[in-house]
Amino acid sequence: RYRKKHNEMSYKDFQAFTAENCQGYKKVYEISIGGFLYLAFLPVDYQKILCISSEYMSIIDSEKGQVTPIDGDYDEIELVAMCDGYDSPIPIAGQYGGSLPLYNGKDIRVTMAKDQSEEYPILTIYWEENKETRTQIYKGYLPCIFGFSPDGGYYVHADDGGLIVLKRNSY
């Protein structure tokens, strides 16, 4: 009896990704992606995100709101993608491996807590500013991928609901 009640509780406090809680950043783009697998910030052009789904590869320009299908291929063992217009392999990150920076290089760090007491792990993600303020930005089943661009100017969160891109206010 207690177990069931506990289960109900844990669902109740799930929190969809909350962009408003990400101090110093604002949402610039959101898209739903069926069969999302991997993403990468394109070298130098960090507003452009390479997105790999089970159906196709595309480049999302988060500033212009454009999605352009692209020819390419990816390697799930090496965790790299090769695509038209890019000479060298691009490291990718997603549900099955790879990672993005969890520190923006300046003042924001993303931390997490994992609860594995249930059948499926539940992840809580926090947005920490200068170690002083910690705000919950997500709680639920494991998202596919989340983290900052290499220069900290952008933050992405991808889960079943799709892909959300945030941009640093002073960027």
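User: Which residue does Lys64 meet in a salt bridge?

Analyst: A salt bridge is read from the distance between a side-chain nitrogen of Lys or Arg and a carboxyl oxygen of Asp or Glu, with a limit of 4 Å. In this predicted model, Lys64 pairs with Asp61 at 3.9 Å, N to O. The value falls within 4 Å, so the pair counts.

User: Are Lys64 and Asp61 buried or exposed?

Analyst: Lys64 is exposed, because its relative accessible area is 60% and the cut-off for that class is over 50%. Asp61 is buried, at 5% relative accessibility.

User: How many salt bridges are there in total?

Analyst: The count comes to 5. One of them joins Lys139 to Asp13, with the closest N and O atoms 3.1 Å apart. This pair links distant parts of the chain: Lys139 belongs to strand β12 (residues 133-141), while Asp13 is in the loop between α1 and β1, 126 residues apart. Lys139 is buried, with a relative accessible area of 18%, and Asp13 is partly exposed at 39%. Another salt bridge is formed by the side chains of Lys48 and Asp45, at 4.0 Å from N to O. Both ends of this one fall in the intermediate class: Lys48 is partly exposed with 25% relative accessible area, and Asp45 is partly exposed with 29%.

User: Which rings have a charged group over them?

Analyst: Here the reading uses the distance to the ring centre together with the position relative to the ring normal. The charged end of Arg109 sits over the ring of Tyr103, 4.0 Å from its centre. Arg134 lies over the face of Tyr126, 3.7 Å from the ring centre.

User: How is a pair of aromatic rings described?

Analyst: Two quantities are used, the distance of the centres and the angle of the planes. A search of the whole structure gives 9 aromatic pairs. Among them, Phe17 and Tyr155 are stacked, with 6.1 Å from centre to centre and 20° between the planes. Phe17 is in the loop between α1 (2-12) and β1 (25-31), and Tyr155 is in strand β14 (residues 154-159), so the pair ties together parts that are 138 residues apart in sequence. Both Phe17 and Tyr155 are buried.

User: Why is the pair of Trp127 and Tyr155 edge-to-face?

Analyst: The ring planes of Trp127 and Tyr155 stand at 90°, with the centres 5.2 Å apart, so the pair is edge-to-face. Trp127 is in strand β11 (residues 122-129) and Tyr155 in strand β14, 28 residues apart, which makes this another link between distant parts of the chain. Both Trp127 and Tyr155 are buried. Ring pairs also build a cluster, made of Phe17, Tyr25, Trp127, Phe148 and Tyr155.

User: Which residues touch the most other members of the largest nonpolar core?

Analyst: A core is read as a set of buried nonpolar residues joined through side-chain atoms. The largest one has 19 residues, and Phe36, Leu39, Val156 and Leu163 touch the most other members. At least two residues of this core come from each of β1, β2, β3, β14 and β15 (162-168). Leaving out residues up to four places away in sequence, the contacts of Val156 include Leu39, Phe41, Ile49, Leu163 and Val165.

Technical notes. Residues numbered from 1 in each chain as written. Predicted model: local features only at pLDDT ≥ 70, side-chain atom pairs only at ≥ 80, totals over all residues. Heavy atoms only, no water. Phe/Tyr/Trp six-rings, centres within 6.5 Å; stacked < 30°, edge-to-face > 60°. Helix = DSSP H or I, 4+ residues; strand = E, 2+ residues; numbered from the N terminus. Buried < 20%, exposed > 50% of the residue type's maximum accessible area, 1.4 Å probe, protein only. Lys NZ or Arg CZ within 6 Å of the ring centre and 35° of its normal. Core = buried A, V, L, I, M, F, W, Y, C linked by side-chain atoms within 4.5 Å. Contact = heavy atoms within 4.5 Å.
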